[in-house]
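Me: I have a protein model open and would like to know what stands behind the words used to describe it. Could you go through them with me?

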Amino acid sequence: LHAMARLKILTAHEAEGMTIYLRLLRDQPDHLIAGNNLAWVRAVNGEDLGEARVEIDRLINLYGELPELLDTRATVCLQGGDLSQAQADWRLVSELAPLGRHLAQLAICQSRLGEQAAARQTALRARELGFQSNGWLPPERNLWEGEFDALLRDTAEGKPVSGPPSGTDEGSPPSTTEKTP
């Protein structure tokens with residue numbers, strides 16, 4: 001059922017995917033992937049953000065601060081306007097699992113907080129790690145692609161970014177709670 005729910009969400013049938021995740025959670029209330037993905041899809045669709053926050057916080061309390069759970073909570077918080085929590089979560093996620101997409105989301109959060117210089121530097125760092133805005137899943141891409149690309153356009157070409165790359169999207173192991181197909 002999980003694979004079917006994920007397919008529905010990735011093919012723009014979010015309501016059907018959410019229904020399947022809800023059915024999975026009714027039968028297995030602590031299902032890590034179903035709970036994480038349901039909270040994520042609610043967040044990227046801007047629906048039931050309060051419920052999404054309660055569910056993702058419950059999963060973090062149950063399973064610990066796994067990078068994908070923190071990433072989902074950051075998404076919920078960004079969409080709900082809790083930018084400080086979103087920024088804290090994406091900073092921690094970027095330390096635990098330094099993927100370009102996490103840094104790209106952190107850059108957007110920094111930009112929304114008015115930290116433009118930091119946002120541009122973080123966006124460049126995400127690009128150094130191989131991230132491109134088409135690397136987001138379709139619902140995320142619709143939300144953030146323009147914002148991220150604008151950060152890169154606003155940044156001078158060739159501007160150095162401090163610190164060596166600590167990993168790449170391609171070289172990182174897949175997560176057991178990942179929202180990708």
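**Terms and their values**

Reply: Gladly! Buried residues make up 46% of the 181 residues in the protein chain, where buried means under 20% relative accessible area, exposed over 50%, and partly exposed in between (1.4 Å probe, protein chains only). This is a predicted model, in which local features need pLDDT of at least 70, side-chain atom pairs count only at pLDDT 80 or more, and totals for chains, interfaces and linings use all residues. Residues are numbered from 1 along each chain as its sequence is written, and side-chain values use heavy atoms, with hydrogens and water left out.

Me: Why is S111 called buried?

Reply: Its relative accessible area is 18%. The cut-off for buried is under 20%, so S111 counts as buried. The residue sits in helix α7 (residues 100–112). Leaving aside residues up to four places away in sequence, S111 touches Q116, A119 and L151; contact here means heavy atoms within 4.5 Å.

Me: And why is E95 called exposed?

Reply: E95 has a relative accessible area of 65%. You will find E95 in helix α6.

Me: How do you know that the span of helix α5 agrees with its number of residues?

Reply: The expected span is 1.5 Å times one less than the number of residues. Helix α5 (residues 67–80) has 14 residues and should span 20 Å; its end C-alpha atoms are 20 Å apart, so the two agree. After α5 comes G81, whose phi is positive, near 90 degrees.

Me: What makes α5 mostly covered?

Reply: In α5, 11 of its 14 residues are buried, among them L69, V76 and L78. The cover over these buried residues includes α3 (32–44), α4 (49–63), α6 (83–96), α7 and α9 (138–154).

Terms used:
Helices (H or I, at least four residues) and strands (E, at least two) are DSSP runs, numbered from the N terminus.
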